[in-house]
Amino acid sequence: MGTYAANLSAVFRGRKGVSPVYADAGRFFQATYLTGKMGELLTDVMDVLAGGTGSHVLQLRTPFGGGKTHSLVALLHLVRNRAASVAACPELKDIADPGEVQVAVLSGEELDALTPATATGTETHTLWGELAAQLGRYELVEEHDRTGAAPGGEVLRQIIGESPTLILLDEVLIYVEKAMVVAKGESNAGRQAMLFLQALTEVVSAQPNVVMVYSLQASVGEAVGAEGLLSDLDKLVARVDSKREPVAGDEVLRVVQRRLFAELGDDATHQEVARSYSDLLRKQLLAAAETGDARREADAAADSLEERILAAYPFHPELLDLMYHRWGSLISYQRTRGALQFLAAVVHALWKSGAKSPLIGPGDIDFTDEATRGAFFSQVGERERYVSVLSSDVTSDGAGCATVDRTLGADSPMLAQLRVGTRVASAIMLYSFGAREGEDRGVLETDLVKSVLVPGLTRNVVVSALHDLREEELYLHYTGRRYRFEPTPNLTKLVRDEATKLSSNEVLAEVRGELENQLRGNKGVALWPEAPSGIPDERPVFTVAYLHPDWSEDRDGQSKFIEQAGKGAPRRYRNGLSLVIPDKGQFDLARHAVRLRLAADSLLSKARQYNFSVEQIEELREKSGNARRDGSAAIGAAYSTVTIPIRSRTGDAPYVLETSDLRTMLAAGRALHERVVEALSQRVFSSITAAKLVALAGLGPDRKAVTCADLVDWFYSYYDFTKLWDKHAVASAIAKAVSEAELGYVVGIVREGEGIVPRDARHVCFGERLTVDEVDLSDDAAILWQDYAREFLLTAVEPTPEVPEPDPKGQAKPQPAPPAPSSTPQGNKPGAGSGGPSDVVRVANVKAVVERSGLFNLGRSLSWLRDEQGSVRIEINIHAEGEFDRASFLNGFLEPIEEAAEDLDINTQ
């Protein structure tokens, strides 16, 4: 397609790789249809160069692809190689010959204010430097070029000299806009360029045989919003006749014919085809005409079609009309160049498939051809919105138009060959983009019928196909008596259009906000960590990290989050972390729903601007509410898997990842985090038994004490330890173990070598009631091996009286005074005697039934037995009924019994 895009600078410099159709003057004019406006341009420029009268400064202003650069190339070839140009295009022979002309070409696409140009052999930095270098007078502006200061008119007159001179400037706006950001002292390069162009215009206007021709975009939209610059450049010429449009009206037909076809066959074939289409249209229109005027209009329309087919052959004039008048209103459409590129793809596809149609009309476009689709969307834009529409309703085997093809062609081989449904749908697709001035998009039935009729096809069949298409096609709409394809219904289209204005970041921020609301109030949540550092470390609470929706195992493996804490440091609390893995499909649904909600809310805020009806406002509110619910539901289901590192049983690695599938869990009425907690409930606990804590602490002769801070660290660092939701479970277990005299506890310690010693033995707690709030888990508190604790208790109290041993002579030793009565809870209970056989119980057998209210006192009794000397054997029969949480029941009730009992029989329901 680059064959239809000229590069003026490349042609001027004779660069390699330029298509011969542009590089060679003869081939260029052979392939060029000399429009009336282009002929006038060439004539006027050559007249002035030859010393005649006329405009010295001319502006070419057309939309993209409208022939501006092509016209500049034509001027270049005519002054450089007149003989070859006239030989290829005899119409040029009557144009004035100015003789030898010096030419300068300044291309805004090639030059810029930051990169020096060297093609002339002289390094230049500005438009005036390049102009002077091309004309061989660089020394006149060397200082101006170096400093970036625009020269005055006298210097420019010296640069141009007295010889006939043609100065061609292409895409001036592009250069000036780029230069505006380059500072030059207190000014900028763009401002200096504008001063240069203004001065150059004045100098050229005053020189008798000098012409300047420059090109501009046709609209502000095509100027990428540089409206002020476009206006300033437009004012370089004041007279209306100094502004030229190289291609106008039906001249596009001739340009396309000349460029795409070497020859068009014999005139007799053209006449036959034109007459057959004309007769067909006349017959259809006369059949519907009811008045004399209608019949005369039918004849006139048929005669006009015949003349226009002769002019446009082998294209149907309706195809070229819709491209020029409808697509011409689109910013994306490139006029003449666009027509050439699209029709070249269409012709190639039809030739490749062996199509036999007499003309190439709107219904003959083969959208199944990839190159045709690409060229189509390049010209009409909106590829992303309409590619699915095209696939669904036109090109796929399951499209509605294919169903219509089969229905209409079932009893008629000719109609089956014409594929009427696809023919009509293809034409509507073309008419769905752009509109004539004052009209809506889409095509009226009468215009559509005229554009798709071919010999063998009647109006009634086309109308029948239209009726069936309205039933079968998903995206076809009939609005205001016009057919067109839309990606969504009208109100939905507004919502979708509004949604496209939202950036991905805006939508994702809303998704995050909704997720934060769902997770609010839950401890230990890390949301969307971008890196391992986003997950806190050394925090004694089990952390659940919800990974980012765009997380990828290939990019950031789970092991990276588990093993690292950021900046290359290893993670310490690896046993206190789980990862929740996103479901990309659900997040896509969430994003979609949130985008629609935001769009609907935005439209509701503009209800007065759009003049929505009450029903439309209510529908938008319903859409917003539905989207909010859909988004919330999708976010609630947006995570599919929970992974948690556990100790490897094989020893090949320190841990393995255990996964739980959240999708298999009952989700009705339950929040996301609730399901995550349930999935982790077999691995992470809110409590731990005292016995388990004592066993994990490893207290004994070799390790008599452990600081509470170290103990907490171990629980959250080592996979052998029980995973706990928070450190409160440790404090609770310590309090219980101290109360049951399974270990001691002290606040205030001193480290002696590798050992830990209480600063004050009187602060050691052992076998006494200790509340959770009293447990300090800092590094100044420690748990003590029970024998170690007893040692300190013995040193912290006075010695107890000893029973006197008998004297060898049979006399008793004198006794010390009895100690004062104890005031501690371990003192004698009221009524207890002292001394004598009656105060000793040697054997006790107790049978009792204890209800729930007596469990606390039973615990006290058993605790007393444990602390006394003697043998104890307890047989228990426990019957419990209730709604017990299974994980808590196993951890809090059965596990301690399993650790204590030798023979255990359990039956649960």
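Seven residues, Trp327, Phe342, Phe367, Phe376, Phe377, Tyr386 and Phe433, come together as one aromatic cluster in this predicted model, where local features need pLDDT of at least 70, side-chain atom pairs count only at pLDDT 80 or more, and totals for chains, interfaces and linings use all residues. Numbering starts from 1 along each chain as its sequence is written, and side-chain values use heavy atoms, leaving out hydrogens and water.

Aromatic pairs number 22 in the structure; rings of Phe, Tyr and Trp (its six-membered ring) pair if their centres lie within 6.5 Å, with planes under 30 degrees apart counted as stacked, over 60 as edge-to-face and the rest as tilted. One of them joins Phe261 and Phe315, a tilted pair with ring centres 5.9 Å apart and planes at 55 degrees. Phe261 sits in the loop between helix 13 (251-260) and helix 14 (267-288), and Phe315 in the loop between helix 15 and helix 16, so the pair ties together parts 54 residues apart in sequence. Helices here are DSSP runs (H or I, at least four residues), numbered from the N terminus. Phe315 is buried at 0% relative accessibility, where buried means under 20% relative accessible area, exposed over 50% and partly exposed in between (1.4 Å probe, protein chains only).

The loop between helix 15 (292-312) and helix 16 (317-326) also holds Pro314, which a cis peptide bond links to Tyr313, with omega about 10 degrees.

Two further loops deserve a look. Glu382, between helix 18 (370-380) and helix 19 (383-395), has a positive phi of about 55 degrees although it is not a glycine. Glu382 is partly exposed, at 36% relative accessible area.

Arg419, in the loop between helix 21 (413-418) and helix 22 (420-431), likewise has a positive phi, about 50 degrees, and is partly exposed at 42%.

Key
Helix = DSSP H or I, 4+ residues; strand = E, 2+ residues; numbered from the N terminus.
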